[in-house]
Amino acid sequence: MGQIAKSAVKNKRSRRLAAKGFKAAAKFLKFFMQKFIPMIIKTVGSYIGSYALIIILLMVLLFIVMDSVADFDFFGKGGERNKAEVLFDNTIKEVVVDRTQQLADPLVDQLQSQQSSHPYPPVNEAFLEEIRTKLVPSWALTATLYNYKNLKRKSYKAWHEEYRDTPMDTEDDREKAQEKFYGVINEAYDYYFTHPSVNLKINMGKSSGEKKDVREEISCTYESTSTDPDTGEETSSSYTETSTNQFTEDLPARDVVSDASIVYSSVAFTYSLVTGEYEHVGSRSEGNCTIEVYHKYTLYLLDDQGTVPITYSAEALLYFLMVDNPEGELARLVKARDVEYVLETASHIDSNFPEVGVNYEKLIACAIYKPDVTSCISSSITSGLFSGPGLAGWYPESLKELYEMAGQAYGVDWWILASVHAEETTFSANPAASDPSKGSPVGAKGHFQFMLRTWIGWGFEGSPTMRVTSNGHIIGPLDSVITFVTNPATISKYRGYGVDANANGAASPWEIEDAVFSAANYLKASGYVIGNEAQIKKALRSYNKSTVYVNSVYNRGLSFKNGAAIGGGHLIIGDGTGGGNVSVVEVGKKWIGNSVYDFGGGRNQNDIKNGRFDCSSFVHWAFKQVGIDLGPLTSTSTETLKNKGKAVSTSEMQPGDIVFFDTYKKDGHVGIYVGDGKFIGCQGSTGVAIADMSRGYWKEKFNGRVKRI
C-alpha cells in the first residue's frame, strides 16, 4: 500500500488520478464488481477455469487499493487497526486541531492587554472570536504534511503500531489511553508548533494623539464681618465665588498591534481617535475651596465593530509547503511535482480547506530548471488570494463600471483597481474607508488607504495648525485637515494625486468615486503600463513595497479578470449576549439510546445519519439544528467550542449553556446544560445521554467553565 501510494505521488498521471478521479473510479469499480462478479465467474470460468479466479482477485485487490486511496481515511475507522490504534490516530487530529486553534492566542492576548484597564474600553469579544476562528490555518495542512512525510519514507511503520497493546476494555481504560496518547502526540508536535514558520508574527506600532482634558470646577467660600455704624452691632456673612480651570495632558504613546500573520493568513488593524464625555473623577479641598475634578479622554482605539479584515495568500501557502515548513519527524518540504497531491489531500481531509489557483504544470516545469523554487511560486499562481472565511467573495459588480471608467481615464487595468480596493479596505467594508476619524496605524485614509501627503502632494511641509510626518501623515484638527486635503486648488498647488472625480468641488479620499480615480492616477504616475507585468508590479510597489502585497494584488486581480470567483466563508456566531437556548436541549434528545460515541466521529453526514458522535461534534450538531453555526464541522473540538459565546458563572447557568469537564485533558469533554444539575452530551460509555453533574464522576470533572451562545 505504501509503495503504491509513493508511486502515485511520483507519477504525474497517477497523481492526477489520485487527486481528482480515484473516488469516482472506485465507486464505479465497486458497482461493477458487485453487479457482475457472479456473471464473470460463471461465464469466464467456463472458458479459462482457475485463471478467472486470479483475474477476479487482482481486480478486487485493485479496488481495495483504490478505495483506500480515494477515501484517504487518515484518521479513519477502517483497515486492520485495533481500537487502541484507531483512538491513537484520532487523537493525532485532536492534538493538531487544538494546537492550531491556539496559534492566534498571543494576538488575542495582546489586543486585550492594550485596552485592558481604565480609561480604555475592552475589545469587542465577537471581534476577538472572529480572529481566533479566521486567522489560524486549516488543521488539515499539518495533518497532510505528516501523511506526505510518511509516503516519502523508504520504510514506514505507522506511529500507532507502538501502542496497539494499550488496554481498551473499560471506559476508564479508554480515558487513560486517550490521556496518554494526547500527551505523547502533543509532546512530539512541540517542535512543529514552535517552529518560526508556524508561529504567529505580530508587528507593533505606536498610538498617537491621545490626551486627557481636565476640568476643575472651583468653589471658594469666604466669610466677612461688618459693623452697623448706628448700633455698633457686628454681623457675619458668607459668599461663594466659582471659577473653572481647564488644561490638557498628553498621554504617552502606547504599543499597539499594527498587523499580524500566521502561515498564509494576515490581518492589518485600523485605529481611531475617539473622544468621550467629561466624567467626574473626584474632589479635593484646598483651604476654603472645594475643587470638583472632571476628566475627558481622547483615546487611540482599535476599530473592533466591523469585520476583521483578514486576507489569505496563495503565495505564502505554497512558500510554506515548499520552502519553509517545519521539516522533521512529522513534516517535510513538498516537491513541486507533489504540490497538487498535497493540496488535494488537504481538501479531502478538511472540506473547508480552500481551493488555491495554481498552474501545476508551470510550477513543475519551472522547478526542474531552478534549484531555488521561490521564484517559481509567484509565477505559477493564478489566484493570489484564495477563498477563506474572511473574504466576502467576488468583487462588487456594482463597482465594476467605476473601476473601468477610472482605468480608461488613466490607462490602468480595472481588475488591478478592484484588487487594490479589496486589499486596502475589503471593498470599503472597513470603517476607515468612509470615516475621516479612522485610519491605519500609520495614518492611511479612505477607501484606498492613501497617505494624506500623497493625496495632497509632498510639497506640503506643514503649517502652524497642521504638522506632517515622514511617512506622509498630516496631523491637526480633524475638520481643518479634511477641508485642507480635499481642496482641489491645494492639491494642484502641491502636485498631489487626489482627483475630484464626481465634480462636487471636493477631491476626497472618503468618497468612492474620487478614491478610485485617484488610485488610477497614482498608479499611472508610478509607471503603470497595461500588459506589462513588470511595470504593473513596479507601480504596485509604489503603493506598498511589500513583495507579498504586490503579488497578492496582482494575482487576485488576474482572478477577477479571468472571472474566477474567490468566495467562501461561514457563519460566525455573535457575542452571546442573549439568554439560554432552551430548544437546543430538546433537539439532542432524539439520539438518547440511539447513538454511539466515536472519537473523531460526527463530522460527516454518514456518521450523523447513523448517530456516531463524539462530545464536540454532538454539541456542534445540536446547535446547527436551531440555526447556530459553531464553525467548521471538521475542525470542531472542545478547544474551539470553549472560545465561543459569553462566559457565565455556574450560579447563572441556564438550559442551553455549554459546560466543560476536565477528563483526559483540560476541557476534554463538553455537553449542553439541561437544568437541575444535569447535562446532555455524547459520553464514551453511553452515547448521547443525560448525565448528572451535581454528584459523582461528572461533578468531580466539571471545571466551572460555562459558555452561553
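Biologist: Why does Cys 366 count as buried?

Modeller: Keep in mind that this is a predicted model. The relative accessibility of Cys 366 is 16%, and buried means under 20%, so Cys 366 counts as buried.

Biologist: And what makes you say that Cys 366 is in a disulfide?

Modeller: The cut-off is a pair of cysteine sulfur atoms within 2.5 Å. For Cys 366 and Cys 376 the S to S value is 2.0 Å, so the two are joined by a disulfide.

Biologist: Which parts of the chain does that pair tie together?

Modeller: Cys 366 sits in helix H12 and Cys 376 in helix H13 (residues 374-380), so the parts being tied are ten residues apart in sequence. Cys 376 is buried too, as its relative accessible area is 0%.

Biologist: What else is buried in H12?

Modeller: Along with Cys 366, helix H12 (residues 360-369) has Tyr 360, Leu 363, Ile 364 and Ala 367 buried.

Biologist: How do you know that the buried residues of H12 line one face?

Modeller: Look down the axis of H12: the buried residues fall within an arc of 165°, so one face of the helix is lined by them. On the face turned away from that buried side, H12 carries Ile 368 and Tyr 369, which are exposed.

Biologist: How many disulfides are there by this rule?

Modeller: The count comes to two. Cys 220 and Cys 289 form a disulfide as well, with sulfur atoms 1.9 Å apart.

Biologist: Where in the chain are Cys 220 and Cys 289?

Modeller: They link distant parts: Cys 220 is in strand S2 (residues 211-227) and Cys 289 in strand S8 (residues 289-302), 69 residues apart.

Biologist: Why is the disulfide of Cys 220 and Cys 289 called right-handed?

Modeller: Because the torsion about its S-S bond is about 110°. The link of Cys 366 and Cys 376 has -75° there and is left-handed.

Biologist: Are Cys 220 and Cys 289 buried or exposed?

Modeller: Buried means under 20%. Cys 220 has a relative accessible area of 8%, so it is buried, and Cys 289, at 12%, counts as buried.

Biologist: What is the pairing, if you number the bonded cysteines in sequence order?

Modeller: It goes 1-2, 3-4. Cys 615 is in no disulfide: the nearest cysteine sulfur belongs to Cys 682 and is 7.8 Å away, whereas a disulfide needs the sulfur atoms within 2.5 Å.

Conventions: Residues are numbered from 1 along each chain as its sequence is written. This is a predicted model: local features need pLDDT of at least 70, side-chain atom pairs count only at pLDDT 80 or more; totals for chains, interfaces and linings use all residues. Side-chain values use heavy atoms; hydrogens and water are left out. Buried means under 20% relative accessible area, exposed over 50%, partly exposed in between (1.4 Å probe, protein chains only). Helices (H or I, at least four residues) and strands (E, at least two) are DSSP runs, numbered from the N terminus. The arc is that of the directions from the helix axis to the C-beta atoms.
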